[in-house]
Amino acid sequence: GAVSPDGKYVNFSTTVGEDSDNLYMLDIESGDVTTVSEPERRASQGGITWKDDSTGFYFVSNMEREYQAIQYYDVESGFTSMIASDDQADMGSLRLCGADDRYLAWTRNVGGYSVIHVEDRVEDTMLDVPELPEGAYGLSCNEEDPRIVIGVNGWRTPGSFVTWDLDTGEVHDTFIAPMAGLDPERLVRPEDVRITARDGVELQGLLYLPDDASYTGEGLPPVVFFVHGGPTSQSRPTFDANTQYLVDQGFAVFEPNVRGSTGFGHTYVTLDDRENRLESIADLVDMLDWLREDGRVDADRAAVVGGSYGGYAVNAAVANFPGNFAAGVSLFGVADWVTALEVASPGLKASDRIEYGDITEDYWREYYTENSPIRQADQIDVPMLYSHGARDPRIDIYETEVMVRTIRENGVRADYIRFLDEGHGWRKLSNQLFYARAQAEFLADVLDMDIGE
């Protein structure tokens, strides 16, 4: 994780599940290992930043709390103290900047948007933050000067760097990402949406609405759900070419962070574990119901799209909750949990046992035999688009092909794109462009839309 400036200590971690780890400190000379954080209830640690004199380090952790907070570990005493916390947001991107570690900088994750904070440790004050492009931030600085570089990935900023001089307050655009001919004014800002699920859990998502120049049809625009993979991940307002492309074609796009997503506290990320898997899929239906009541999109013309684990969510949503989504698009998605859990790497299997259960046990084998989409495909009655790379090392292509055959045998439309030269996702630009257009055409057809080129 990090090395102390004097070269005496090395931090390292051991992974616990998909979202957590334990944190340790190794004394290189003696070989002694000190446990920094190994809580009984799993927690997430990171962002290790040593003081210049090697007497201790700052890090972010949610041990014994819901959200990640700024902590400080003192090497001599072995004591950990709280520096900054928020009961509603994770801290991250922690850095010490300037001579004598004058500035401590970090970010907060608020509904996916990064908010930056900088403490002047000499004056014991918080700096006024200049206006910055919206998005997710990464911070970088050193101990020699007071400048901090902020990497920005935002809905209108596909990778730029801003330099902020903490002494003078001056801000400079160090690098502005080229837009390849795109007009940034046509890009759409997502709205942070909060929704209450049927069991009272607060859900969150990002809603992109097309403007009048993009959607010219009658009535309300159709909506496309983009479900992230993981499942321990978070849809954030970063630059997404596929999302902006569909919005510019006139579709509304909704990126749901169902239970099990990161960024909303420790409890939230555990709510889909093991037998609770389908409750996260039910969240998609509750979110669609909210959008119907909200009245800004046509919820009767809704499709659900996702890749990898998100592809599983698509299969599960249309099979287990019929009558809600009008179509589904599954990219290299999990269809057979028995196979997916069996062929996982040793590292993935270790985390899978926490997230899904131990597939070597009879109970879980029977559970996933019954609850895998591959054995529910005959329940799917809406048009589907499937795609898979023939070289996929993570999810066997046969799972997708069984889904396609079964659905077609039942007389339901199941389009299929098989990439011979791809693995788990599309890496080649030509394939990305081909697929984006094919997906848009499919969605336009099944959701009754007219789109441009």
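**A cavity lining and a helix**

Author: Among the elements lining the largest cavity, α3 gives the most, with 3 residues. This is a predicted model, in which local features need pLDDT of at least 70, side-chain atom pairs count only at pLDDT 80 or more, and totals for chains, interfaces and linings use all residues. Residues are numbered from 1 along each chain as its sequence is written, and side-chain values use heavy atoms, with hydrogens and water left out.

Reader: What makes a space a cavity, and how many cavities of 30 Å³ or more are there?

Author: On a 1 Å grid over the protein atoms alone, a cavity is a set of points where a 1.4 Å probe fits but cannot get out, and lining residues have an atom within 4 Å of a point. By this rule there are 3 cavities of 30 Å³ or more, and the largest has a volume of about 80 Å³, a volume being the space filled by probe spheres set on the points, which are joined across faces, edges and corners. Of the 14 residues lining the largest cavity, the closest to its centre include Val227, His228 and Tyr309.

Reader: How do you know that the span of α9 is close to the expected one?

Author: The expected span is 1.5 Å times one less than the number of residues; α9 (residues 429-446) has 18 residues and reaches 26 Å from its first C-alpha to its last, close to the 26 Å expected. Helices are DSSP runs (H or I, at least four residues), numbered from the N terminus.

Reader: Which residues of α9 are called buried?

Author: Buried means under 20% relative accessible area (1.4 Å probe, protein chains only), and in α9 the buried residues include Asn431, Tyr435, Phe442 and Leu443.

Technical notes: On a 1 Å grid over the protein atoms alone, a cavity is a set of points where a 1.4 Å probe fits but cannot get out, and a pocket is an open set with protein on both sides within 12 Å along at least five of seven lines; lining residues have an atom within 4 Å of a point. Helices (H or I, at least four residues) and strands (E, at least two) are DSSP runs, numbered from the N terminus. Buried means under 20% relative accessible area, exposed over 50%, partly exposed in between (1.4 Å probe, protein chains only).
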